[in-house]
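Here is a walk through a structure with the sequence alongside. Keep the viewer open while reading.

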Amino acid sequence: MPCGLRRKLPSVVLAVLVALATAGVAAASNGGFTPVEPASPGASHTLTAYYVILAFTSVIFVIVEGLLVVFVIKYRRRGRAREVEGAQVHGHTRLELIWTVIPVLILAVIGVTVFLELPDIRSAPAAANPIRITIVGHQYYWQFNYPNGARSIGTLHAPVDRVVDLKVLSPDVIHSWWIPALGGKIQAIPGRSNHIWFEATKEGSFEGQCAQLCGVFHASMLATVVAQSDAAYQHFVNVTTRATLGQQEWSGVCATCHGNLGQGGYGPAIANNSLLTQPSALEGIVRNGFTGTQGAMPPVGKWWTQAQMAALATYVKRHIYKPAPVGGTSGG
Amino acid sequence: MAARSEPAYPVSWKSGRVASWLVTVDHKRIGILYIGTSLMWFVAGGILAVLMRSQLATPGEHLLTKTSYNEVLTMHGTTMIFLVVVPILAGFGNFLIPLMIGARDMAFPRLNALSYWLFVLGGIVLWLSWLSKGGAAHAGWWSYPTLSENFPWASPGHGQDYWIVSLHLLSLSSLLSAINFIVTIHNMRAPGMSWMRMPLFIWAIYTYALLLLLALPAISAAVTLLLLDRTVGTHFFIPSQGGNLVLYQHMFWFFGHPEVYIMVLPVFGMISEILPVFSRKPIFGYKAVAFSTIGIAFFSMLVWAHHMFTTGLGTGLDSFFMISSMIIAVPTGIKIFNWLATTWRGNLIFDTPMLFAIGFIALFTMGGLSGIFLAAFPVDWQLADSYYVVAHFHYVLFGGSAFGFFGGLYYWWPKMFGRMLDERLGKWHFWLMFVGFNLTFLPQHMLGLLGMARRVYTYHHGGLWEVYNLISTIGSGVMTISILVFLVNVWQTQIARKGVRSGNDPWLADTLEWYTTSPPPPQNFDSVPYVTSARPLRDLRRRLAEQPQ
């Protein structure tokens with residue numbers, strides 16, 4: 001009995017290890033072995049295509065690396081002299097044909113799979129009545145223009161189970177829109193209009209970041225999509241954005257360089273700059289940018305509406321501007 | 001007798017110990033200069049890589065500023081591609097082409113020297129970029145406009161201009177050496193060496209030269225237009241004035257994708273030389289390996305827009321470039337299977353060059369397979385510009401090209417210098433680099449799938465992001481140690497002169513470079529045996545063995 005057990009032990013241990021590894025991979029299915037858990041039909045179909053490719057490439061990987069290891073062990077030198085030659089085989093036409101044709105077939109299957117999944121990835125269902133939202137990638141924030149004229153910065157709100165059609169633009173450099181759970185990327189290219197879509201299948205907030213190097217604050221150019229009930233969405237675009245637009249603009253656009261309180265950071269301190277109290281001067285610098293001796297400010301609000309400008313002017317005057325202390329020599 | 005002997009004839013300054021290298025037109029010396037200079041840049045570019053990995057070790061690091069991080073990533077990529085991989089392969093080409101085909105030098109020795117010195121100048125100009133006002137170029141090695149344009153919020157100052165001018169110099173250098181390689185290979189092969197008897201490295205470096213000629217003009221044009229935009233006020237890439245940014249992407253990648261094969265085909269050639277010698281067998285399927293090289297080169301000109309799937313090209317173009325990219329996997333697969341079959345029933349000798357060749361197959365296979373995910377454009381929309389891509393191209397360019405050229409260094413070192421690199425240190429170098437490489441780049445696949453974009457100077461996620469990033473940084477440290485082991489090995493072998501002297505042919509190899517002495521005399525050969533097969537030296541050994549003593 002113990003003898004039989006001992007003989008079985010290695011295979012039992014192996015089986016347990018394999019099971020553990022599989023469970024580990026399964027538990028970590030959001031842990032980097034597949035794309036993140038999809039929350040939009042396009043992303044789900046992308047995942048299907050990913051699995052098909054993964055299946056084939058895994059088999060090829062095991063065959064190639066396995067043969068390599070087997071040959072390395074089996075045909076190793078074993079103390080033979082360097083002069084001892086291996087089998088002088090110069091080639092084999094049938095084998096060459098086999099390992100040409102089989103990869104062609106595998107690639108054909110992968111290609112067909114991609115084309116079968118493609119329609120559901122590329123375009124929204126035809127019957128959908130999409131919400132059309134424009135995304136503007138700026139140095140260094142995402143702005144979202146809703147159908148009713150509302151604007152939000154950094155966070156896109158959308159109702160669940162509704163197709164959202166996104167038009168992606170940029171006024172300055174190339175950015176790339178990417179929310180992994182909702183699908184792939186699309187570049188925001190100056191002078192060009194691109195499209196992408198999603199349909200959030202569950203409530204929640206989904207994070208992403210700009211995927212195209214766009215300058216100093218590329219890493220800070222984060223985006224969040226909040227998928228919520230239709231009522232909450234309507235409340236957001238009709239009430240909340242209006243009330244918080246100035247605050248969103250300050251913290252999503254200005255604060256990146258000038259600090260949350262305007263105390264300065266990458267850009268100069270502006271909290272006690274009287275420019276903040278002069279709407280037209282403020283608009284000029286926000287719309288056109290500024291080049292000083294220390295560096296340059298991009299035209300962050302190049303395409304902003306008058307309402308956006310007004311919201312910012314009101315917000316900074318009330319919440320950010322701190323007049324310099326009387327007799328103070330710094331600031332200005 | 002005079003106490004002091006005067007030289008019988010005046011000795012020119014040109015024969016001085018250093019000066020003779022500066023004025024040399026000998027292909028072997030130029031090759032060694034190329035390789036040495038490239039290795040120096042490899043260390044410089046590697047330091048930049050370790051800086052980036054240290055910055056990314058944990059979330060919210062402050063080792064590098066966000067400004068300098070963008071400069072470092074741009075200079076790392078540009079240095080590794082244009083100052084390391086391409087020129088080190090040109091170095092191997094220079095050293096090996098005449099020796100392998102039984103010629104006395106390249107067709108145009110002075111042009112050869114000019115190529116080298118243009119490369120030196122290009123490297124200096126690129127790194128001068130650090131000193132320019134506004135800092136080094138910081139728009140990535142693609143330098144996509146408008147980020148690379150001369151706007152105050154994009155790339156003001158002259159860093160980007162240095163980058164452009166250095167690319168011009170390096171392109172010119174590569175074009176001249178490509179012409180030299182092609183002319184030499186066409187015209188100067190030893191008697192009997194038909195195309196089907198050429199060493200496979202010669203096939204590969206010939207294809208490398210052809211691709212350079214075809215691809216480099218595209219990037220020269222692209223960066224010239226960019227330079228005009230930046231300096232004289234044209235608007236080729238300024239959309240508000242009617243410019244087109246997608247045009248730059250097409251021009252850049254029309255060069256950029258063949259460039260990938262430019263950097264890996266000669267390494268394929270090296271592997272096809274090393275594997276048979278250390279398997280004691282001929283290459284399996286000589287013709288398949290040679291023609292698949294040509295096949296890869298042809299299709300490499302037709303796949304460029306798979307770098308642009310997220311540009312929004314439309315289904316038609318995306319589909320074309322997916323299919324062409326998948327087709328290129330076929331000749332690549334043929335090579336891998338033929339290499340595997342070469343080891344089959346061999347007498348495998350695991351000297352350091354062989355270890356690197358085996359490591360190359362293992363790692364390059366991985367890079368090739370992850371490429372299939374990226375070729376499938378809907379999947380690429382998810383993976384593009386993420387750390388998955390960073391992992392993929394490092395498996396191809398480091399796991400592939402760098403493992404290959406290190407194998408080549410260990411293999412041809414005795415021919416270059418007459419001494420063997422130390423085997424024990426060589427094995428340490430290989431294993432540390434193999435383990436360190438996988439630690440560094442395997443977790444980056446996962447990071448990309450988790451949603452980490454490339455070229456970010458920091459991130460704010462804990463958990464798996466932090467774990468994978470930390471493992472990756474530790475791996476880069478292990479790789480650093482492996483490179484130090486290599487440098488110690490070079491020091492001991494050459495400078496401390498502890499390396500064992502090699503004979504003409506320490507590996508019992510197959511090709512003509514092993515027929516002459518190590519190192520070879522200036523004229524390479526006094527006579528060259530008539531070539532009757534792709535393995536002239538083995539033929540010679542067999543003839544000698546058959547002769548009665």
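The text below goes from the chains to their contact and then to local backbone details.

The model is predicted. Start with chain A. Its domain assignment gives three entries: domain 1 covers 33-73 + 90-122, domain 2 covers 131-242, and domain 3 covers 255-320. Domain 1 is written as two segments. Between the C-alpha centres of domain 1 and domain 3 of chain A there are 52 Å.

Now find two helices of chain A. Helix α4 spans residues 230-258 and helix α6 spans residues 306-320. Their axes come within 8 Å and cross at roughly 80°. An angle of 65 to 115 degrees counts as roughly perpendicular, so α4(A) is roughly perpendicular to α6(A). Which residues of the two helices meet? From α4(A) come L245(A), G246(A), Q247(A), E249(A) and W250(A). From α6(A) come Q308(A), A311(A), L312(A), T314(A), Y315(A), V316(A) and I320(A). Sorted by class, this contact holds seven nonpolar, four polar and one charged residues.

Turn to chain B. It has 16 helices and zero strands. Is the chain compact or extended for its length? Its radius of gyration is 24 Å, close to the 24 Å that the globule rule gives for 549 residues, so chain B is as compact as a globular protein of that length. Along the principal axes, the C-alpha atoms fill a box of roughly 80 × 65 × 40 Å. Of the 549 residues in chain B, 62% are buried. Take the contacts in chain B between residues at least 6 apart in sequence: 82% of them join residues at least 24 apart.

Next, bring the chains together. The contact takes 72 residues from chain B and 78 residues from chain A. On the chain B side, helix α10 (residues 329-343) gives the largest share, with eight residues. That side of chain B divides into 46 nonpolar, 20 polar and six charged residues.

Some local backbone details remain. Two peptide bonds are cis. In chain A, the bond from Q139(A) to Y140(A) is cis, with omega near -5°. Y140(A) sits in the loop between β1 (131-138) and β2 (141-145) of chain A. In chain B, a cis peptide bond joins P145(B) and T146(B), and omega is about 5°. T146(B) belongs to the loop between α4 (109-128) and α5 (159-187) of chain B.

S143(B) lies in the loop between α4 and α5 of chain B. This residue is not a glycine, yet its phi is positive, at about 50°. Is S143(B) buried or exposed? It counts as buried, because it has 24 C-beta neighbours inside 10 Å and the cut-off is 20 or more.

L508(B) also has a positive phi, near 55°, and is a residue other than glycine. Look for L508(B) in the loop between α15 (463-495) and α16 (536-546) of chain B. With 17 other C-beta atoms within 10 Å, L508(B) is partly exposed.

Finish at G233(B), in the loop between α6 (200-232) and α7 (245-279) of chain B. G233(B) has 10 C-beta neighbours inside 10 Å, so it counts as exposed.

Note on methods:
Residues are numbered from 1 along each chain as its sequence is written. Chains are lettered from A and ligands numbered from 1 in the order in which they are written. This is a predicted model: local features need pLDDT of at least 70, side-chain atom pairs count only at pLDDT 80 or more; totals for chains, interfaces and linings use all residues. Domain bounds come from an automatic or database domain assignment. Axes are lines fitted to C-alpha atoms, for helices over the stretch in contact, and angles run from 0 to 180 degrees between N-to-C directions. Helices (H or I, at least four residues) and strands (E, at least two) are DSSP runs, numbered from the N terminus. Angles under 35 degrees count as roughly parallel, over 145 as roughly antiparallel, 65 to 115 as roughly perpendicular and the rest as oblique. Two residues are in contact if their C-beta atoms, placed from the backbone, lie within 7 Å. Ala, Val, Leu, Ile, Met, Phe, Trp, Tyr, Cys and Pro count as nonpolar, Asp, Glu, Lys and Arg as charged, and the others, Gly among them, as polar. The radius of gyration is taken over C-alpha atoms; the globule rule is 2.2 Å times the number of residues to the power 0.38. A residue is buried if 20 or more other C-beta atoms lie within 10 Å of its own, exposed if 12 or fewer, and partly exposed in between; C-beta atoms are placed from the backbone.
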